[in-house]
Amino acid sequence: MSFCCGASMIGTKGNIRHLRTQIHNVPILFCPVCHRIEVHHLVEDEYEILAEYAHCDGAAEVDFEDYSNAPANDALFENCVNHENEDPLALVTNQIDMALDLLCVAKELHDPEWEHQLKNRLTIMSARKDKLQRKKTMGRY
Ligand SMILES: [Zn+2]
């Protein structure tokens, strides 16, 4: 678990700008309180190597996933977010909150593509939440 401002940081993937290079799909941790972003500690070295390489190469854009040997998402973010034994409604509410926080980050980073993805995710999750809420009112879970 990583902490910042006393809050646990959220694990996600984001686009990071390194000098003139935009690096996509970097595993990052994001603080919901102060909106600080840091590269996930497990991929820090890889990130730095790629950033340096992309910069020397003069690349405007690279995709971290194309170069990385990093473990799959789940393993990477296991410690960041607790998915265990959670009520499905609480879980989806939590995910919506996170997506909203990330939307702020996407806006701050001027990343319309990411913003768009997050908005899509929010639409899907809101629908799921409605469904769960209806089930709950009907006493079926
Ligand atoms: Zn913070």
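**Entry 1: ground rules**

For the metal site I count as donors the N, O and S atoms within 2.8 Å of the metal (3.2 Å for Na, K and Ca); water is not among the atoms, so sites may look incomplete. I am working on a predicted model, where local features need pLDDT of at least 70, side-chain atom pairs count only at pLDDT 80 or more, and totals for chains, interfaces and linings use all residues. Residues are numbered from 1 along each chain as its sequence is written, and side-chain values use heavy atoms, with hydrogens and water left out.

**Entry 2: the zinc ion**

I looked up which residues coordinate the zinc ion. They are Cys4, Cys5, Cys31 and Cys34, each through SG, at 2.3 Å. Along the chain these donors follow the spacing C-C-x25-C-x2-C.

Next I checked the geometry. The four donor atoms subtend angles of 105 to 116° around the zinc ion, which makes the arrangement tetrahedral. The test for that word is four donors with all angles between 85 and 135 degrees; square planar (four donors) and octahedral (six) need opposite donors over 155 degrees apart and all others between 65 and 115, and anything else is irregular.

My scale is relative accessible area: buried is under 20%, exposed is over 50%, and partly exposed is in between (1.4 Å probe, protein chains only). Cys4 comes out buried at 10%, while Cys5 is partly exposed at 49%.

**Entry 3: the chain as a whole**

I listed the secondary structure from DSSP runs, numbered from the N terminus: helices are H or I with at least four residues, strands are E with at least two. The protein chain has five helices and six strands. Reading from the N terminus, the order is β-β-β-β-β-α-β-α-α-α-α.

Of the 141 residues in the protein chain, 37% are buried. The chain exposes about 8700 Å², and carbon and sulfur atoms supply 50% of that area. Areas are from the Shrake-Rupley method with a 1.4 Å probe; for residues, only the protein chains shown count as cover.

I also looked at contacts, meaning heavy atoms within 4.5 Å. Among those between residues at least 6 apart in sequence, 55% join residues at least 24 apart.

Strands pair, in my notes, if DSSP finds at least two bridges between them. Strand 3 and strand 4 run antiparallel and share eight bridges.

Phe30 faces Ile37 in strand 5. This hairpin has six residues between its strands, and His35 in the turn has a positive phi of about 65°.

Which way does strand 6 (residues 61-63) run against strand 4, parallel or antiparallel? I found it parallel, with three bridges. His24 has Asp63 of strand 6 as its bridge partner.

On burial, nine of the ten residues of strand 4 are buried. Strand 3 has seven of nine buried, so it is largely enclosed by the rest of the structure.

**Entry 4: Ile16**

Ile16 sits in strand 3 and is buried at 15% relative accessible area. Leaving out residues up to four places away in sequence, I found it touching Thr21, Gln22, Ile23, Val26, Ile28, Val39 and Tyr47. Ile16 and Pro27 are eleven residues apart in sequence and 9.7 Å apart in space, C-alpha to C-alpha.

**Entry 5: helix 4**

I tested the length of helix 4 (residues 88-108). The expected span is 1.5 Å times one less than the number of residues. For its 21 residues that should be 30 Å, and the end C-alpha atoms are 30 Å apart, which agrees.

The buried residues of helix 4 include Leu89, Val92, Ile96, Ala99, Leu103 and Ala106. An α-helix has 3.6 residues a turn, so residues three or four places apart point the same way. What do the buried residues of helix 4 pack against? I noted strand 3 (10-18), strand 4 (21-30), strand 5 (37-39) and helix 5 (112-137).

Leu89, in helix 4, is buried at 10% relative accessible area. Its C-alpha is separated by 6.2 Å from that of Leu132, 43 residues apart along the chain. After helix 4 comes His110, with a positive phi near 50°.
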